Amino acid sequence: MIKLNDLYFKPFISEAEIDAAVQKMVDDVAKDLQDEVPVFIGILNGSFMFVSDFVKKYPKPCEVTFIKLASYEGIKSSEDIQRLIGLTQDLSGRKVVILEDIIDSGNTLEEVHRIFKNENVGELKIATLFYKPEAYKKDFRLHYVGLEIPNKFIVGYGLDYNGLGRDLPEIYQLKTTQHMTNLVLFGPPGAGKGTQA
Ligand code: 5GP
Ligand code: MG
Ligand code: MG
């Protein structure tokens, strides 16, 4: 078990399991794209480790770049997505594959689609290492998914809790107490807002 700031996390997904999931995604993408030179676009910060491992395994020439979006506050997703670094290169006609660390509510993915709407890309595909189906609220297709996970907060392998944990080579899951579960499901006492994402 590890402690980051005020919260405890337990080991959840090993380095070997992550490695196998990344390799499978690389194989699937490489097979689909054949001899096109793709542009892989990572969403910073969370995807940096995934993108690094992914492109090292990718068997053919490719381009790699990043955009930077931010949504999460602490352990909760937010609908207010900030664009911190945008696109800097012409992508018209190119095969673009978005590399995301994790898709939760889908709000960030919606912003990604907004960003690419007027870019005239040849093809836009979405690849995410982790996916929380119980939390996903959108209809955008996810073309490549590494691992489906339950709707619980994780850290490691690029993912942080208040800035900590990105450097961990494996994934840890938040250890929730009954008190915290109630807070997430029902909000603080007297909030009266019912369930929230
Ligand atoms: P969404 O917009 O789909 O709700 O969330 C997408 C972004 O929120 C991810 O790219 C990631 O940066 C962050 N995020 C979502 N779920 C988790 C999680 O369980 N742990 C951490 N550390 N970040 C998450
Ligand atoms: Mg992300
Ligand atoms: Mg974060």
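## Helix 2 and its cover

Helix 2 spans residues 48–57, and its buried residues are Met49, Phe50, Val51 and Phe54. Here, buried takes 20 or more other C-beta atoms within 10 Å of a residue's own, with C-beta atoms placed from the backbone. Helices are DSSP runs of H or I with at least four residues, strands are E runs of at least two, and both are numbered from the N terminus.

So what covers those buried residues? The cover includes helix 1 (15–33), along with strand 3 (39–44), strand 4 (63–70), strand 6 (95–103) and strand 7 (123–131). Contact is when two C-beta atoms, placed from the backbone, lie within 7 Å.

## A word on the model

This is a predicted model: local features need pLDDT of at least 70, side-chain atom pairs count only at pLDDT 80 or more, and totals for chains, interfaces and linings use all residues. Residues are numbered from 1 along each chain as its sequence is written, while chains are lettered from A and ligands numbered from 1 in the order in which they are written.

## Around ligand 1

Ligand 1 has 21 residues around it, and Ser77, Asp104, Ser105, Thr108 and Leu159 come nearest. Near means a C-beta atom, placed from the backbone, within 6 Å. Two or more residues each come from strand 6, helix 3 (107–116) and strand 9 (154–155). Strand 6 gives the largest share, 4 residues.

Next, 4 strands line up in the order 1-2-10-9 as an open sheet with antiparallel pairing. Pairing takes at least two DSSP bridges between two strands. Strand 1 (2–4) and strand 9 are the edges, each pairing on one side only.

Strand 2 (residues 7–13) and strand 10 (residues 171–174) pair antiparallel over 4 bridges. Lysine 10 stands opposite glutamine 173 in strand 10.

Terms used:
Buried ≥ 20, exposed ≤ 12 C-beta atoms within 10 Å, placed from the backbone.
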